[in-house]
Amino acid sequence: MGEEPYYGPDFGLLRKQDPELAQVLLDELDRQRGGLQLVASENFTSPAVLAAMGSTLTNKYAEGYPGRRYYGGCEVVDRAERLAVQRARKLFGAEHANVQPHSGASANLAAYAALLQPGDTMLAMALPHGGHLTHGSKVNFSGRWFNVVSYGVRRDTELIDYDEVRDLALRHQPKLIVCGATAYPRLIDFTVFRGIADEVGAWLLADVAHTSGLMAGGVIPSAVPHADVVTFTTHKALRGPRGGAILCTEELAAKIDRAVYPFIQGGPMMHVVAAKAVAFAEAMRPEFADYARRVIVNAQALTEALAGEGMRAVSGGTDTHLALIDLRDLDVSGAEAERRCAAAGITLNRNVIPYDPEPAAITSGIRVGTPCVTTQGMGPQELKEVGTLVTRAVRQPGRAREIGARVSALLAIHQPYLSEY
Ligand SMILES: *Cc1c(COP(=O)(O)O)cnc(C)c1O
């Protein structure tokens, strides 16, 4: 790439034809480049991924699977899906891959549909302890259609209580056990979950939406050898297009494929499938393994810097790309901290912490992650400074402008869509 930021294919044409909408794209690019992006579930895709997403593959209807579609003219897009499937299998060492789910939530819906009937019992992590909405929240289909039993983290260690998982599994005999989380900073022991699932004859589903990029980079243990089904998103640490995917054993392949199409989805988004193929190839490169390693080193540097300034990390630290910070000692709510950081040009999200006395709209915590800043080329030294800036922004709201100026100075040398990928 040169010095010009990447705007997308034929941005000039869009600007001429629809300046109003083109301005939205420009403003969003400015927003992404002009602030410090610490949302743990976000990243900056490569220009190659953006190019595939902005392609004419969006025009093609391709209900079905390569070689067995319900529309004519699919021979070209078939090649894109075959590449995406082959690359996903190779990247994760999986027997089977389905790359059609539109999102992580759709991937979970399909996986549940393949393994469960409405009313069946499943065991999953509670949302207020770090689980995802699709793991049985009452406001989600998962909580309405299944009998969900929830496990959580221990009060003292703030780590998953594997004894509780086993006790609940023995007591409730779930048909499916779900592991994986959206706000859990530590490694999940898939071997323990496998043992518990085997003991009660349950399927094991690992939802690694957040950590699939770290697994692809080989820097944390993979769920694939242990789980029957692995669901993930392609747009978080993995740095691909917005979407979902499912890996499974050969035994479950046909069930999973039928659950995605025709059970929960119609035509796949072939431009996104193509972009997934691009991202999987990028993730196979040695540079990506190095990226994944630096994401964790950076998260640890950030977490230490925050802890050094009185912002306690839930569970005492992180093994991954994210940290959950308990703000109760500072007497600032998560919602207020989110606002104060925004005023200083820092984007992050409020998040409930385990046993949070505050409701989800307020919370006692924030969640921070390093996939974005690492893609921008920042290292542990910069993350130490980021920790200081976040703490100042939270503690001294009156100094937001001054902190914002330091954020801008830091970003001036680390611009996404200007540096190499
Ligand atoms: C992000 C996430 C999802 C959902 O992904 P969407 O693409 O937003 O639907 C599912 N499970 C977990 C654990 C997640 O973190």
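**Notebook: a predicted model, residue by residue**

Is Pro 416 buried or exposed? I noted a relative accessible area of 2% for Pro 416. The cut-off for buried is under 20%, so Pro 416 counts as buried.

Next I asked which residues Pro 416 touches, leaving out those up to four places away in sequence. I wrote down Gln 32, Arg 33, Phe 44 and Gln 376. For Gln 376 I also looked up the spacing: 40 residues separate Gln 376 from Pro 416 in sequence, and their C-alpha atoms are 5.2 Å apart in space.

**Helix H2**

I then turned to helix H2, which covers residues 19-34 and holds Val 24. Val 24 has a relative accessibility of 48%. Exposed would need over 50%, so I put Val 24 down as partly exposed. I found Val 24 in a nonpolar surface patch together with Leu 21 and Leu 25. The accessible area of Leu 21, Val 24 and Leu 25 together is about 240 Å².

**Helix H4**

My next entry is Lys 90, which I located in helix H4 (residues 75-92). Lys 90 has a relative accessible area of 65%.

I looked up the domain assignment, which gives domain 1 as 52-283 and domain 2 as 287-413. Between the C-alpha centres of domain 1 and domain 2 I noted 28 Å.

How many residues of domain 1 are in contact with domain 2? I recorded 28 residues of domain 1, in contact with 27 residues of domain 2.

For the interface I wanted an area as well, because the accessible area lost when the parts come together is often given as the size of an interface. Domain 1 and domain 2 bury about 2300 Å² between them, and carbon and sulfur atoms give 61% of this area. On the domain 1 side, Glu 158, Pro 185 and Arg 186 lose the most area to domain 2, together 29% of what that side buries.

Last, I checked for salt bridges across the interface of domain 1 and domain 2, and the rule finds 2. I also looked up Arg 186, which forms a salt bridge with Asp 319. The closest N and O atoms of Arg 186 and Asp 319 are 2.9 Å apart.

Notes:
Residues are numbered from 1 along each chain as its sequence is written. This is a predicted model: local features need pLDDT of at least 70, side-chain atom pairs count only at pLDDT 80 or more; totals for chains, interfaces and linings use all residues. Side-chain values use heavy atoms; hydrogens and water are left out. Patches are made of residues with over 30% relative accessible area and no salt bridge: like charges are joined within 9 Å, nonpolar side chains (Val, Leu, Ile, Met, Phe, Trp, Tyr) within 5 Å. Accessible areas come from the Shrake-Rupley method with a 1.4 Å probe; for residues, only the protein chains shown count as cover. A salt bridge is a side-chain nitrogen of Lys or Arg within 4 Å of a carboxyl oxygen of Asp or Glu. Helices (H or I, at least four residues) and strands (E, at least two) are DSSP runs, numbered from the N terminus. Buried means under 20% relative accessible area, exposed over 50%, partly exposed in between (1.4 Å probe, protein chains only). Domain bounds come from an automatic or database domain assignment. Contact means heavy atoms within 4.5 Å. Buried area is the accessible area (1.4 Å probe) that two parts lose on being put together, summed over both.
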